[in-house]
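Colleague: I have a model open and want to learn how to read it. Can we go through it feature by feature?

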Amino acid sequence: MNCRVVVEAAVPVYDVESADEAVRIAISKTGEMLNPDLNYVEINMGDRHCPHCGETLDPAFLAADESLVALELEMTVFNVERDEHAARIARKEIGQRLENIPLDVLEIEEIPEESDDDAETSESTDDTDQSDAATTDDTDESGDVLPEFEELIDE
């Protein structure tokens with residue numbers, strides 16, 4: 001089973017003047033920590049909502065030129081037994097690179113696997129296309145078979 005796991009990270013950013021600047025710096029900082037080892041992790045701004053009224057808030061909380069930015073880190077985990085296994089793998093892989101940054105699993109979605117019948121059908125189609133190409137390469141416009149390389153050398 002393959003799963004797509006979304007993990008929320010709280011990234012601290014220092015010496016910023018606006019929430020937009022804090023988000024840009026947090027994404028850049030997180031990208032530097034994850035790359036090149038985990039360059040397949042997608043980094044997005046997190047969604048925050050007011051606990052009382054439900055209104056959407058900025059992903060960055062700014063106070064005294066310091067900010068805490070909510071980011072969503074998305075990765076695909078392959079060959080897992082169940083959802084909890086995928087969550088543990090994602091938290092471990094991301095958490096090893098993002099030291100002292102709290103992580104919380106937001107979403108785990110199972111990715112539907114391609115069936116064997118679909119894979120065989122696409123492979124057999126590719127094989128026939130290649131054999132057709134091979135037969136057309138060996139013939140010229142008149143339909144005659146082109147001579148072999150060794151025959152050309154002998155002449």
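Colleague: Which pattern does the protein chain follow, read along the sequence?

Modeller: The pattern is β-α-β-β-β-β-β-α-β-α-α. That gives four helices and seven strands. Helices (H or I, at least four residues) and strands (E, at least two) are DSSP runs, numbered from the N terminus. Before we go on, note that this is a predicted model: local features need pLDDT of at least 70, side-chain atom pairs count only at pLDDT 80 or more, and totals for chains, interfaces and linings use all residues. Residues are numbered from 1 along each chain as its sequence is written, and side-chain values use heavy atoms, with hydrogens and water left out.

Colleague: How do I read burial, and what percentage of the 155 residues count as buried?

Modeller: Start with the cut-offs. Buried means under 20% relative accessible area, exposed over 50%, and partly exposed in between (1.4 Å probe, protein chains only). The areas come from the Shrake-Rupley method with a 1.4 Å probe; for residues, only the protein chains shown count as cover. Here 26% of the 155 residues count as buried.

Colleague: Take Thr-30. Is Thr-30 buried or exposed?

Modeller: Thr-30 counts as buried because its relative accessible area is 0%. Thr-30 sits in helix α1.

Colleague: What lies 2.8 Å from a polar atom of the Thr-30 side chain?

Modeller: The backbone oxygen of Ala-26 does. For a polar contact, look for a pair of N or O atoms within 3.5 Å; within protein, one must be able to donate a hydrogen and the other to accept it, and residues adjacent in sequence count only if both atoms are side-chain atoms.

Colleague: Now charges. How many salt bridges does the structure hold?

Modeller: The general idea comes first. Side chains of opposite charge can pair when their charged atoms come close. The rule for a salt bridge is a side-chain nitrogen of Lys or Arg within 4 Å of a carboxyl oxygen of Asp or Glu. This structure holds five. One of them joins Arg-4 and Glu-107, at 2.7 Å, N to O. The pair links distant parts of the chain: Arg-4 is in strand β1 and Glu-107 in strand β7, 103 residues apart.

Colleague: How accessible are Arg-4 and Glu-107?

Modeller: Arg-4 is buried, at 17% relative accessible area. Glu-107 is partly exposed, at 35%.

Colleague: Which helix holds both Arg-97 and Glu-93?

Modeller: Helix α2 holds both, four residues apart, about one turn of the helix. Arg-97 is partly exposed, with a relative accessible area of 23%. Glu-93 is partly exposed, also with 23%. Elsewhere, salt bridges that share partners join Arg-4, Glu-74, Glu-107 and Glu-109 into one network.

Colleague: And what do Arg-82 and Glu-84 do?

Modeller: Their side chains form a salt bridge too, at 3.2 Å, N to O. Arg-82 is partly exposed, at 41% relative accessibility. Glu-84 is partly exposed, at 48%.

Colleague: Which residues form a negative surface patch?

Modeller: Asp-15, Glu-17, Asp-65 and Glu-66 form it. Patches are made of residues with over 30% relative accessible area and no salt bridge: like charges are joined within 9 Å, nonpolar side chains (Val, Leu, Ile, Met, Phe, Trp, Tyr) within 5 Å. Lys and Arg count as positive and Asp and Glu as negative; His and the chain ends are not counted. The place of a charge is NZ of Lys, CZ of Arg, CG of Asp or CD of Glu.

Colleague: Where is Glu-17 found?

Modeller: Glu-17 is in the loop between β1 (2-14) and α1 (19-34). Glu-17 is exposed, at 70%. Asp-15 is placed in the loop between β1 and α1, and Asp-15 is exposed at 67%.

Colleague: What is the phi of Asp-15?

Modeller: Positive, about 55 degrees, although Asp-15 is not a glycine. Asn-100 is another residue to check: its phi is near 60 degrees, positive in a residue other than glycine. Asn-100 lies in the loop between α2 (83-97) and β7 (103-111). Asn-100 is exposed, at 77%.
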